[in-house]
Amino acid sequence: MQTFKLGGVHPPENKLSAEEVVETLALPKQVIVPLGQHLGAPATAVVNRGDEVKVGQLIAKSSGFISANIHSPVSGKVFKIDDVYDASGFRKPSIIINVAGDEWLESIDRSEDICADIKLNQKEIVDKLNEMGIVGLGGAAFPSYVKLMVPDGKKVDYLLINGVECEPYLTSDHRLMMEKGEEMLIGATILMKGLNTNKAMIGIENNKPDAIEHLTRLATKYKGISVHSLKVKYPQGGEKQLIKALTGREVPSGKLPLEVGCVVNNVGTAFAVYEAVQKNKPLFERVVTITGKSIKKPSNFLVRIGTPIKELIEAANGIPENTGKIISGGPMMGKAVLNDDIPVVKGTSGILLMPDTEAKRREINTCIRCSKCVSVCPMGLEPFLLSKASMLAKFDIVEKELVMDCIECGSCSYTCPSNIPLLDYIRLGKNKVGQIIRNRNQK
Amino acid sequence: MNEVLIYAVGSLGAIGIVAAVILFFVAQKFKVYEDPRIDEVEEALPSANCGGCGYAGCRAFAEGMVKAGNMEGFNCPVGGADVMQQVASILGLVADVTEPMIAVIRCNGSLLNSPKKVEYDGIATCASASVLYAGDGGCSFGCLGLADCVVSCDFDAIHMNPETGLPEVNNNCTACGACVKACPRDIIELRNVGKKERRIFVSCINEEKGAPAKKNCTVACIGCSKCFNVCPFEAIEMKNNRAYIDYDKCKLCRKCVPVCPTDAIHEINFPLKKLIVKEEKAVETSAETVSAKTPATEKQDEVNKTEES
Amino acid sequence: MSLLSISASPHVHGDNSVKKIMWGVIYAMVPAMLVSIYYFGLDAVRVTLIAVAASIFFEWLFQKYLIKGADTYMDGSAVITGVLLAFNLPSNLPWWIIVIGALVAIGMGKMSFGGIGKNIFNPALVGRVFLLISFPVQMTSWPKASPIINGITDAITGPTPLGIVKEGLDAGMTVEQVMAQVPSFMQQFVGGIGGSLGEVSALALLLGGFYMLWKKIITWEIPVSILLTVVIFSGIFWLIDPTQYVNPMFHLLTGGMMLGAVFMATDMVSSPMSRNGQLVYGVGIGLLTIIIRMWGAYPEGMSFAILLMNAATPLLNITFKPKRFGRN
């Protein structure tokens, strides 16, 4: 069974909504579309207060190389363009649209027919993805077209499609593979064409045997695409770990996957690519899992971007009385949010509600030097040392011990028997060291 | 037997003498000249090694001063004018006279004024929390209350008040600036101590517009410019939706204090009886400012004063 | 609804805890404890109880009046120290020596460094070595192991197999003559060799070791590297001259070898963090043990070897870093 070698943990999977077919969520009354949903520069609004917009209409333009277009997820009137609280409570510029009807742009092909014939050439594919505002849907929301722009002298051997979904609870990718497998494979073929490679590997953890079987059967029709079953281990969905698991190649520290001839895309992204290229549909909706042990109806919804997560929670039969934490994303790398008014953005893969008994951190004890954190670190670091040095503000040691290699997967904090929040301290050290390095480079 | 003794004493003595001679020459050869005034200056300095002067420690500061040959820009905030005068007399130079400063906390978002909306459950450092989220009260400019400034202080001059959840500075403060650097939100500012230790400052640095600012915190500066308009000395500047009082221009006339609709402007160490009593509202607000908003600071300062006198 | 809490990821925690690890070790020691009771009877119970009770008491005392930290006396670490100390003592030791041993183990070996997680030496071994040097007579006269079903043991004392071999070889006897006086390998493996409570049965100790491996409390690196080194190093000498040096199997099965390799050297606090560091640590313990056993003054060298390598642990932690990802 293929997997990555170094470290890793196996948290309880809790895939509560794995069998729930994706439903379309009813349109909300108002959507809040933040301008900075992706990695890189926030987009610039191109609509004004009071403008009428249609579904799929461009409302904010990419403002740099690493940036992405944003399209209206609903039809209606722009209520205002203002700063709105994001998930962390910082106010960020957003476009607020009052929903009226559901009128789509005519250019979008809304039929369910599968079109496998790829008409665009490589350059056109790249431009199309840029135009349609496609970003990575795995979480980081990196603009996808940038990944297809392979610099001269570099060659892509493999396109890797990430169907691992190693985060506990989340099932949106799983459902997508089950329900839109065909489309996703066409999307992968488009990406292969865009990257000028003829080999693609889809990695799926073996806790999703139905998806593995389904895609293996479908993939026989598509040249060059193979489906690989991977042993369940977190953080296999991490780019570097997935490349290691599928190809055995190790991305050198501080380098991009391109260095070893690989490009990784999420299954959700592959589906979005299909819709953008074949159906001319911009990225304005995505599948979001709403889950949690206390929630009555864990489900998967197709949600328009900008829908407040409150609506999602309502659709899953409301917020339980004992909710202690709302997490955007999975429990290992997701972000605790301040309230349920925040909108779904392109990178939202799931909303997880935790009962207060689970949400609170446990009491911290002294380090007993059990070295479990060292053995689970997928990057071969020494979390105990990094966190202690960060705690004592010895940032020269933190840097020397390679803190910048940390992928913040949280395996160390997860496994620590003394409940030490190792990653909190390491992240602190990483931020500081990042600042120190930036200052040094400026000089 | 005697011979053995003599041999031993003789040979050891000879080795000792040879070694002493070698050491003497080596010491001569590698002698480093050091200006004796560096030691004298260092002696005069408070040897807190806090780094408030911008040098790595008191010795580095002394070296820098002796090397520079003048005292422009050299100031020991801990020792203050006295120490600098003393140093000046050692070096035969003129001291760069600076006014004494003190750290001021420009946030009044206490548990009462800006109630908790969420509960922070991470490690207790502001540096970590400030990256993670806006703050318990919802203000992304306000104090996080996790005491990085208290930890950074070498002089026991800053403490958390458990009732308000905010730090408070006492008169131990030497204005070394460690807390200013430690605060990830730049809330702490060094301001001059002022005549009779009287100070007026805007206790808010939030840059939000009025409505959202007020929603998070009842004593936020909402950028209404009322104080700006009333100030006769042009000491107040409005920038990014907030007022800032320039302490060099401020004449402590206190006109701005009563006009502030959110009580964001604080005055401290002013005697209560001399309150402006012309307007009833003014009395009300300033009384509130003194009694309700900064009771602890006020008290703390009074205590320190009595202790000093 | 109470306030939502905010913290950085990860938001879940595995089911590891200090308590779980410590009690796991204690469960692993049960087979060896039962065997010791089988051979030494109520005396074994007496020694174990005194050692454990004294350890917990001193842990509580020092924590309360010296360190003034959170209560740690029931987290299981003091119990482990107590049982391990008892494993290293003969069953006929007077109670006050045991108490002194516990005092030194907890007080000097652990609390003086700041309590759990901060000690550089294995506390139980500090206690044992202290007693061994201070009370050599009491510490090396062992009651002969005989199952309690054969009647309660009386005060028959005799040396351990290692002691017999050491004395014999020093007196100029050949290995063959000496080996005739010690129990067979099978007996050594299953139990019944003379010695302290914990070293009578290699099998029981191994059982505990496998339990800890299964529960992921220890990793294979340290015990395997120690045992392999012992076999290889003593094997080389045995191959060179079988009349002068004893069979490696003998070294493997006698004395505190298994006890040390499985329970003592694997002590988390005082062993290295990285895999390579652990391997070097194990090899070091193996070599030192054999060197002390062959050429040292003491018949048994395991405790000294472990303590010496404990001292080298910080150095090993600096020298041997884990294999980094993407940096070759």
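In which helix of chain C is C:Ile240 placed? C:Ile240 lies in helix H11 of chain C, helices (H or I, at least four residues) and strands (E, at least two) being DSSP runs numbered from the N terminus. The structure is a predicted model, in which local features need pLDDT of at least 70 and side-chain atom pairs count only at pLDDT 80 or more, while totals for chains, interfaces and linings use all residues. Residues are numbered from 1 along each chain as its sequence is written, chains are lettered from A and ligands numbered from 1 in the order in which they are written, and side-chain values use heavy atoms, with hydrogens and water left out.

C:Ile240 is exposed, at a relative accessible area of 62% (exposed, over 50%; buried, under 20%; partly exposed, in between; 1.4 Å probe, protein chains only). Together with C:Phe210, C:Leu213, C:Trp220, C:Val224, C:Leu228, C:Val231, C:Ile232 and C:Ile236, C:Ile240 forms a nonpolar surface patch with about 830 Å² of accessible area. Such a patch joins nonpolar side chains (Val, Leu, Ile, Met, Phe, Trp, Tyr) within 5 Å, from residues with over 30% relative accessible area and no salt bridge; areas follow the Shrake-Rupley method with a 1.4 Å probe, and for residues only the protein chains shown count as cover. Helix H10 (202-214) and helix H11 (221-240) of chain C each give two or more residues to the patch, and H11(C) gives the most, with 6 residues.

Helix H2 (residues 42-67) of chain C has 26 residues and spans 36 Å from its first C-alpha to its last, close to the 38 Å expected (1.5 Å times one less than the number of residues). Its buried residues include C:Ala44, C:Val47, C:Phe58 and C:Phe62. The buried residues of H2(C) pack against helices H1 (18-40), H3 (77-87) and H4 (95-108) of chain C. C:Lys68, with a positive phi near 55°, follows H2(C).

Between chain A and chain C, about 4,300 Å² is buried, 54% of it from carbon and sulfur atoms; buried area is the accessible area (1.4 Å probe) lost when two parts are put together, summed over both. A:Glu250, A:Ile368 and A:Arg369 supply 15% of the area that chain A buries against chain C, more than any other three residues. The contact (heavy atoms within 4.5 Å) takes 63 residues from chain A and 37 residues from chain C. Across this interface 6 salt bridges are found (a side-chain nitrogen of Lys or Arg within 4 Å of a carboxyl oxygen of Asp or Glu). A:Asp405 forms a salt bridge with C:Arg327, with the closest N and O atoms 2.7 Å apart.

Notes. Patch = residues over 30% accessible without salt bridge, like charges linked within 9 Å, V, L, I, M, F, W, Y side chains within 5 Å.
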